Amino acid sequence: MKWRTRILLLALVLVVLLTGALVLSRNCPNAGIGFTTKARALHRLKNRTALPEPSDFNRQVSLSELLKPGDDSSRWSTQQAARIEGYVIDIAYARPEAANCFIPSRRDIHILVANRKGAPQNEQVVLEVTPNFREWAVQRGWDWSEAALRTQLLDRWCEFEGWLYFDVGHAQESENTAPHNPENWRATAWEIHPVTKFTVIR
């Protein structure tokens with residue numbers, strides 16, 4: 001009887017987990033899965049859905065300013081938006097994360113931009129298209145999927161708009177906040193996240 005009870009308990013746990021995953025896949029809150037007030041606040045910043053107003057833009061932010069060396073952890077504000085131009089080096093899905101309830105279908109899309117083709121990773125800036133804005137784009141008849149973005153933007157000079165976000169989780173992998181670390185894969189922990197608009201310039 002013990003093995004039957006264990007199998008039933010295991011089956012029940014699996015049903016609960018699958019049901020929870022299904023519910024979250026349709027109703028992942030903007031706070032994501034966060035066990036602290038700080039984590040939930042950061043997730044809400046990542047998952048913003050408001051379009052920035054003209055007064056929200058910090059006109060001092062540019063790609064060259066984002067790339068400027070030095071500890072930039074307090075250089076900008078997450079309450080501001082930015083508009084930058086850059087060369088699109090790569091586009092790829094991010095890993096599942098707590099901000100998106102670890103749901104594979106709700107992954108962010110990374111857009112890596114630099115000031116020239118072939119720039120090394122520690123000279124690249126990360127921009128992110130979120131699931132919320134992919135859904136927003138679909139409602140307007142636009143395709144912001146990874147495949148469509150690669151077709152439209154890859155290896156082109158583009159302009160991007162969106163909210164500024166400092167990804168503290170990657171500060172130790174960014175050249176400006178962890179200089180000369182051989183593991184650095186980005187120039188700065190500052191991102192445009194979420195991206196709210198983009199235009200191909202050439």
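The model is predicted: local features need pLDDT of at least 70, side-chain atom pairs count only at pLDDT 80 or more, and totals for chains, interfaces and linings use all residues. Residues are numbered from 1 along each chain as its sequence is written, and side-chain values use heavy atoms, with hydrogens and water left out.

**Overall fold**
- The protein chain has five helices and five strands (DSSP runs, H or I of at least four residues for helices and E of at least two for strands, numbered from the N terminus).
- From the N terminus, the order of elements is α-α-α-β-β-β-α-α-β-β.

**Helix α5**
- Helix α5 spans residues 146-153, and its buried residues are A148, L149 and L153.
- Seen down the axis of α5, these residues line one face because they fall within an arc of 105°, taken from the directions from the helix axis to the C-beta atoms.
- A147 and T151, on the other side of α5, are exposed.
- The buried residues of α5 pack against β1 (81-93), β2 (109-114), β3 (125-129), β4 and β5 (190-200).
- D155 follows α5 and has a positive phi, near 65°.

**Residue E161**
- E161 belongs to strand β4, residues 157-166.
- E161 counts as buried because its relative accessibility is 11%.
- Leaving out residues up to four places away in sequence, E161 touches F57, A82, R83, I192, P194, V195, T196 and K197 (heavy atoms within 4.5 Å).
- E161 and I192 are 31 residues apart along the chain, with their C-alpha atoms separated by 7.3 Å.

Terms used: Buried means under 20% relative accessible area, exposed over 50%, partly exposed in between (1.4 Å probe, protein chains only).
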